[in-house]
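Welcome, and please have the model open as you read. The report below walks through a few features that you can find on screen yourself.

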Amino acid sequence: MQLTFRAATARALSWMVLALALLLAANVSADEELEKTLEQQIAEWRAVVGGAQEALSNDFQDRSPASVMSELRSLQREAQSVRRSAQARLDDLKGTLEQLGRPPEEDEPEEPQPLRELRASLQQAVADQSARVRIAEVAESRSGEMLEQIAGWEQRRFRREQTQRMPRPTHADVWYQAGEDAMAFVSKLVGAPVAWWQERRASDESRSAIALFVVLPLLGVLLGWPLRRAVLQRFGRDPAEYSPSYARRIIGAIADGTANALVPVLIISLVVLVLYLQGLLTGLFAAMVYVVSVALAGFLVLFGMSRAALSPHHVAWRIVPVDPARVVVLLGAIRLAALVMAIGAAVLSLMLLTRSNTEELESIFLFIYTVMAATTAAWVLSPRYWITSVKESQEAGPVDQVSDHEAETKAEEDQEAQPPEQEDSSRPLLDVLRGLLRLVVLTAPVLALFGYSRLAYFIQSRLLATALVIGFGLLLHIAARELIQRFFLSQPARRYGSMIGGVQRPTEASLQGMVFWTSLVADVLIFVPLIYGLLLLYGVPPATLLLWTQNLFSGIEIGGFTLAPGNLLVAALILSAGLIATNLFRRWLTNRVLPNTRLEYGARNSIAAGSSYLGVGLALLMAMGALGLDFTNLALVVGALSLGIGFGLRNVVENFVAGLLLLIERPIKVGDWIIVGEHEGTVRHISVRSTEIETFDRASVIVPNADLISSSVINWTHKNRMARERIAVRAAHGSDTEKVAQILLRCAAEHQKVLRNPPPIALFVGFGESSLDLELRCFIGDTDDFMTVRSELHFAIERALREEGIVIPFPQRDVHLHQTASSEASKGNSKATGGEPPDEDPATDSGRQQPS
């Protein structure tokens, strides 16, 4: 029998080893195939990195930096994928190796041959996967380094191009050469439409092109005009509204500016799109159409927005502080400045596309452009057109009600009346920034005069564009904050208050907190895209921005944990979204679902609180997952800290567990009338740490949950809200007790809040020293009416007893004075001497003493 058992055991062990060997063989064969694939990938990775190094050393003469960076990013993603899969396979192999147990020591018997081979194979596979992980990490790191080097090369090239010194416009030969180059450039532009038309005539497409140029503008008008009216009616300005909010004014200005530019922009877009789809735009003429279309659309939108913002005739809708007497002049200046910028950008783009940007022509053109842009921008930024506040601009009335002479006279009088020191000290920050921008814009042509035309153009155009972007962002910020405030103020106050007996009390702090955090999220959504746009505007390549974003989200690795600002931001967003979703779900559950059930209020509150705790816990878990925390390591850390938490936070943990028990067992509920020690009141809120009790004096008592579990608690409303009234009544000796009992029962029966079942009873409880003691016992339906019903019954009983002539006695006491022989003798002596008798004792024979 023993031999049979040993044979069976050996056979089972052999089959298990054989199965593991087959499984390992399958994994090893798969690993060999993957090894071949990995070798090919390594060769490809080396080729990509080597090609990137070669292109970088040759200053990208044969290849573009964008294509090289695209290949490097693909390599990085592939290496990351290989590293993750190899790491997962490595973890599985280590787990299998741990299941085999430790290898035998020297003094221990050797393990079977198949088991030794299996262990050796697993160890070899672990070594192979570890090598794959390291190789993938090296490839990932090397590609990242190459991306950083290429991004640095692009930045250096951009700085070198912008700071390149060109021929100075002060030399006559530069102007002469620039004139010849300009004539050649103009001839290219003039010849492009002619060549395009001849090409269309040769291919018999001239009629279709003419038809499209005629029909498409009409179609744009037919489509754009109803859309314009719809936008103006829905979001536009209403002249009948005399006091719109700032957010409403901004929305109206954007709607008006967009709607006024909508029809021409739609016409241009339709013409270009249809001609492109039909294949009719070819050659240099196509580039001219694209550039001119974009420049014209930008000019129309910019001028429409500025006119809507200044609002010369509807002052209630004005959103910028301008002098109302000079609005028309300022609009003309803005129109001229926008036209100069649009034409300059279009001409410069066409010069680059046609490769006509010789150094002489570019230098002279940028010098002329910077002079014209500086003149028009300084005209727009002149302090005579701007005042301190929008309200002051609105109070002056529309432009047709203010004359220029009156405005100039008033401005001169104000300037004379105000000392220079006071004027400088009271200048707002916006005026100072406007003055600095005007100064920098005016000094840009000086740089062009010394040959730094590209740098002058870059500084001038980017500063003006930055001012527009920041101004637009600030307007959106103000509008968003006002809309958020109006939204929260328009909501019912109960949504953001604290629960007090089933009714929420709104708190100003909670409302301000909601406005602050919502405004913060809105600011992030507004300014982060604007910052990215400004970085692109200042010459940062999109590939470099993408690399910066990847580095921001990749972070640094500390002890196996990756700390990344991007992950922190994502975790914060996930946590905020989880908390908001939990709050909304609890409100929906409390206000919509649970009231329709037959559960009592305390049970509904426990369910809502439990759902809230569950939602917060899930939000925390998802946020920790977004941070990349390993829950296995986290469990080890929590286990290591459990001892310290047990000693240092024992009371907190005890109250937390007690709070959970209160929510589960529910010995007390929200709304219960309880007595804890010397405190008596109504339960208003049960949290995980403490319970809030509101006394009948409207004072809040915070009781730790552990006290409610460990000590005795009197709960008047544990099972139901019924309460028993016990009213003691005393009648004088000799009264008809049965009549008194009938009076008590009649008073109880006549009261509406006294229950009929159980019925009231009147008891003759005893004979007192000075009264006959009776007691009325009755039940009421709600403990909230306890004191009210008791008082009303007292009034009714006293009135009924008085009407029936039944006396309610008070305690009486008889005092008897006993005279002795000595007292009689002293009394006789006093009479013989004619003295006055001694003072009598103030106590009478039947003195009455009222109880306090």
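## Two helices side by side

Helix 6 and helix 7 are roughly antiparallel to each other, a label for angles over 145 degrees, while those under 35 count as roughly parallel, 65 to 115 as roughly perpendicular and the rest as oblique. Their axes lie 7 Å apart and pack at an angle of about 170°. Here an axis is a line fitted to C-alpha atoms, for helices over the stretch in contact, and angles run from 0 to 180 degrees between N-to-C directions. Helix 6 covers residues 246-277, and helix 7 covers residues 283-310.

Contact means heavy atoms within 4.5 Å. By class, this contact of helix 6 with helix 7 has 17 nonpolar, 4 polar and 1 charged residues. In this scheme Ala, Val, Leu, Ile, Met, Phe, Trp, Tyr, Cys and Pro count as nonpolar, Asp, Glu, Lys and Arg as charged, and the others, Gly among them, as polar.

## The model and its chain

This is a predicted model, in which local features need pLDDT of at least 70, side-chain atom pairs count only at pLDDT 80 or more, and totals for chains, interfaces and linings use all residues. Residues are numbered from 1 along each chain as its sequence is written, and side-chain values use heavy atoms, with hydrogens and water left out.

The protein chain has 24 helices and 12 strands. These are DSSP runs numbered from the N terminus, with helices being H or I of at least four residues and strands E of at least two. Of the 852 residues of the protein chain, 35% count as buried; buried means under 20% relative accessible area, exposed over 50%, and partly exposed in between (1.4 Å probe, protein chains only). Among contacts between residues at least 6 apart in sequence, 71% join residues at least 24 apart.

## A crossing further along

Now move to helix 22 (residues 737-750) and helix 23 (residues 786-803), whose axes come within 10 Å and cross at roughly 140°. Helix 22 and helix 23 are therefore oblique to each other. Their crossing is right-handed, the term used if the near helix is turned clockwise from the far one by less than a right angle, with left-handed used if anticlockwise.

On the helix 22 side, the contact involves V740, I743, L744, R746, C747 and A748, which meet L793, A796, I797, A800 and L801 in helix 23. The residues of this contact divide into 10 nonpolar, no polar and 1 charged.

## Aromatic pairs

The structure holds 12 aromatic pairs. Rings of Phe, Tyr and Trp (its six-membered ring) pair if their centres lie within 6.5 Å; planes under 30 degrees apart count as stacked, over 60 as edge-to-face and the rest as tilted. One of the pairs, F158 with F458, is edge-to-face, at 5.5 Å centre to centre and 70° between the planes. F158 lies in helix 3 (residues 113-162) and F458 in helix 14 (residues 453-490), so the pair ties together parts that are 300 residues apart in sequence. With 22% relative accessibility, F158 counts as partly exposed, whereas F458, at 12%, counts as buried.

W196 and F285 also form a pair, this one stacked, at 4.6 Å centre to centre and 25° between the planes. W196 is in helix 4 (residues 172-202) and F285 in helix 7, so parts 89 residues apart in sequence are tied together. Both W196 and F285 are buried.

## Backbone details in loops

Most residues other than glycine have a negative phi, and most peptide bonds are trans. D59 has a positive phi, near 60°, and is found in the loop between helix 1 (2-57) and helix 2 (65-99). D59 counts as partly exposed, at 44% relative accessibility. R355 also has a positive phi, of about 60°, and lies in the loop between helix 8 (327-353) and helix 9 (359-380). At 74% relative accessibility, R355 counts as exposed.

A cis peptide bond joins N757 and P758, with omega about 0°. You will find P758 in the loop between helix 22 and strand 11 (761-767).
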